[in-house]
Amino acid sequence: MNKHLNFLLTSIGNILRNKVRSLVLILCLIAVLFPFVTALSISEGIKFQSLISVEEGADIYVTSDYFGSNAPISLDYLEGFRKMDGVTKVYPRIVGRTYFVNRLATIVGILPENIPPSIRLAEGGMFREKGEVIVGKGLAKEFLLQPGVRFSLSINPSQLFRVSGFFDADASIWSANLILMSFEDAAEFFQMKGKATDILIYTRPGYATKLAEKIQEGAGTSSHDRPEPPLRVQDKTLVKRYFQRGFNYKAGVFTALYTVAFALAIPALLIVSGFGQTERKKEIGVIKATGWQTQEVMEMVALENLIVSLTSAPLAVLLAMVWLKWFNGAFIAQFFIAEIGLMAPFPVPSRFLPLPCFLAFLFAVVLTMVGSLYSTWKTATIPPVEAMR
Amino acid sequence: METIIRTEKVDKIYYQGRPEEVRALNQIELEISKNRFVLIRGPSGSGKTTLLNVISTIDRPTNGRIFLYGEDISKYSDVQLSRIRQKTIGLIFQNFNLLPRLPAWENVAFPLLPLGIMERERRKRSAEMLIQLKLEKRLDHAPEQMSGGEQQRVAIARALINDPELVIADEPTSNIDAESIKTLLDILTNLKNKGKTIIVSSHDPVFLDYSETIFLLKDGNLIDTKIIPPTPL
């Protein structure tokens, strides 16, 4: 026990004595780990926010089904759905995309009475008259929009809109590039009169699954025949699963990119951890000559690496926190949130979970161990006289 | 008299099988008795250091066998050789090989770390050793803050900290001044008197008067052995 304590204390002493080498190694590790921790935190933050959105949303989403994809649904279905047992509320929605100058914006058309009460405005008021819209803070900031400003959009340039207000900057990331307007204005803009992109159904607790099955089987439809095209019914569980899959995919893409960077970092760290290796090699030769065994040398070096990792990983997590708080996750958030550029115009959501922090520590350990244990072992197993040369 | 070291047809060949092959030791056969002052002499490049390295187990012979207390150690594992160096052999290198960032006492105490001896005791033991070698004012000095002679005494203290049977010194007078040479001879003589076996490799004639066994090397061959009856030192 005393022997291992001696090695631990000597390792700490070695790190403090080799200040430059230790500092360079810690900085390199932080540079490798901090983007990883930041990215995973953003991914978790977005995932969490999206799941909250889904949770607060409708219980069932109904669209038409064209070759397995969502397609516009006729408003004729509304009445049939409203009459179904267990349904508390039904309303149509139009969700589409267009370019606001060069920025991809999401257009949501909704009846004013169906606007969720949780929506907060930073400035101006809710749309009341035809052509009035609420604009996301991201778009407003980028294009210097003010309440009362008029604009048109690329698909239907003849239709004029007027900014009536902005969403709160702290609202969910989905609202940053959003243009919220009345259902009629959206239907006119996309030239889809009498249709919605989806119908949202709210149900009493415990009814959703059964109702979704019934709608899929054709209940609630007013026509005598089977609806043509068939309906595509998605309940909350399914929507959650889609979100989850989407984020896992994005996190997967980032992880793949990170793995490449990680692979490149290993040789870089090999060089860094080999910084002062000639002196180290001689030291190992000397201590072997004085009676140390290879495993004892390895233990001391492994402890040094462990201490360096234990220092680097929390610093990387801390830097990630600072980066997210003060720099809003710049450069990294764009991997997860489409169309935001280097600096997101809204607060990037993040969530620090224990697993990414632990992974950061684990990566630090792997990197430092790979960087130095092999060279140490190689030096310690040759005759000491060769190591001392 | 008990034999502590015996070599049997020891070869050391560098770059074996290549055009630049060097035969540093050739069929060396020698025997060293316990508690003798042994000098290995020879001109530069004769193989003195190589022979010391092989005897002290910090290098392996290409061929031949080395016996320590009658035990063939030439095929010993890395772990076994480390144990021998820890318990039986104290090494003093020509260029001292002190760890540059450690103060004198820590350099001396470094071999005690794997033995589980805690810092207070390590410091006590190394201080005692350094005081014996008249370095009481240099305990906390880094090697670069000391003279060559002082550094050598730190290296001697490190070699002796585990109380080895065999003290091996490679060219110990080559990096120190005349006064330090005198101190060194006193130290080695004292060690010899305490029952240690001293093996020194040097071409410095200063050791001739102190040595009881002299091996003369030339071009890697042992060309002469002189066994001198012990004289009062």
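**A tour of salt bridges and helices**

Start in chain B: select Arg6(B), Glu8(B), Arg65(B) and Asp72(B), which are linked in a network of salt bridges. A salt bridge is a side-chain nitrogen of Lys or Arg within 4 Å of a carboxyl oxygen of Asp or Glu. Over all chains, the count by this rule is 28 salt bridges.

This is a predicted model, in which local features need pLDDT of at least 70 and side-chain atom pairs count only at pLDDT 80 or more, while totals for chains, interfaces and linings use all residues. Residues are numbered from 1 along each chain as its sequence is written, chains are lettered from A and ligands numbered from 1 in the order in which they are written, and side-chain values use heavy atoms, with hydrogens and water left out.

Next, select Asp163(B) and Lys196(B), whose side chains meet in a salt bridge (2.4 Å, N to O). The two residues are 33 residues apart and sit in loops of chain B. Asp163(B) is exposed, at 52% relative accessible area, whereas Lys196(B) is buried, at 13%. Buried means under 20% relative accessible area, exposed over 50%, and partly exposed in between (1.4 Å probe, protein chains only).

Now go to Lys182(B) and Asp186(B), another salt bridge, with the closest N and O atoms 3.9 Å apart. Both residues lie in helix H6 of chain B, four residues apart, about one turn of the helix. Helices are DSSP runs (H or I, at least four residues), and strands are runs of E of at least two, numbered from the N terminus. Lys182(B) is exposed, at 54%, and Asp186(B) is partly exposed, at 40%.
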